[in-house]
Amino acid sequence: MCRSIKTLRPPTTPTVTDEDIRAAALQYVRKVSGFRAPAARNRAVFDDAVDAVSAATRELLDGLQVRGSAAARQHSP
C-alpha cells in the first residue's frame, strides 16, 4: 500500500520539509479513501484527515531516535 510514498526519516532523507510530510499524508489519505479528489461534500473531512496524518507524521519523525544520526547523538547521555 502507498508504495510511492518515500521514506522521510534520517538518514534516508536528511532534510524533511512540511511539504514532504503533507505530500505523503495526501497520498495516504487518497489511498485509504479511494478518492484522488473528493466531492465537495467530502472535502472538509478529507482535508481534516490530511492535516491529522501530517501532524501524526511530524510527531513520529520528531520522536524517532535513529542510531548514528545527529539527533540521536544529541539525545544520548
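This is a predicted model: local features need pLDDT of at least 70, side-chain atom pairs count only at pLDDT 80 or more; totals for chains, interfaces and linings use all residues.
**Salt bridges between two helices**

Asp62 and Arg58 form a salt bridge, in which the closest N and O atoms are 3.4 Å apart. Asp62 and Arg58 are both part of helix α2, and they stand four residues apart, which is about one turn of the helix. Asp62 is exposed, because its relative accessible area is 55% and exposed means over 50%.

The protein chain contains three helices and zero strands. Along the sequence, the pattern reads α-α-α. Of the 77 residues in the chain, 22% are buried. The accessible surface of the chain amounts to about 5,800 Å², and carbon and sulfur atoms account for 53% of that surface.

I return to Arg58. Which residue, apart from the one already named, forms a salt bridge with Arg58? The partner is Asp18, with the closest N and O atoms 3.2 Å apart. This pair links distant parts of the chain: Arg58 belongs to helix α2, residues 43-63, while Asp18 belongs to helix α1, and the two are 40 residues apart. Taken together, Asp18, Arg58 and Asp62 are linked in a network of salt bridges.

Arg58, at 26% relative accessibility, is partly exposed.

The next pair is Arg22 and Asp51. Their side chains meet in a salt bridge, with a distance of 2.7 Å from N to O. Arg22 is partly exposed, because its relative accessibility is 36%. Asp51 is likewise classed as partly exposed, with a relative accessibility of 40%. In total, the model has four salt bridges by the rule applied here, including the ones I have described.

What else brings residues of these helices together? Consider Ser54, which is found in helix α2. Ser54 counts as buried, because its relative accessibility is 13% and the limit for buried is under 20%. Which residues does Ser54 contact, once its neighbours within four places in sequence are set aside? They are Ile21, Arg22 and Ala25.

Ala23 lies in helix α1, which spans residues 18-33. Ala23 and Val50 are 27 residues apart in sequence, and their C-alpha atoms are 9.0 Å apart in space. Ala23 has a relative accessible area of 40% and is therefore partly exposed.

I close with the contacts of the whole chain. Among contacts with a separation of 6 or more, 58% are between residues 24 or more positions apart. Asp62 and Arg58, with which I began, both lie within helix α2.

Conventions. Residues are numbered from 1 along each chain as its sequence is written. Side-chain values use heavy atoms; hydrogens and water are left out. Buried means under 20% relative accessible area, exposed over 50%, partly exposed in between (1.4 Å probe, protein chains only). Contact means heavy atoms within 4.5 Å. Accessible areas come from the Shrake-Rupley method with a 1.4 Å probe; for residues, only the protein chains shown count as cover.
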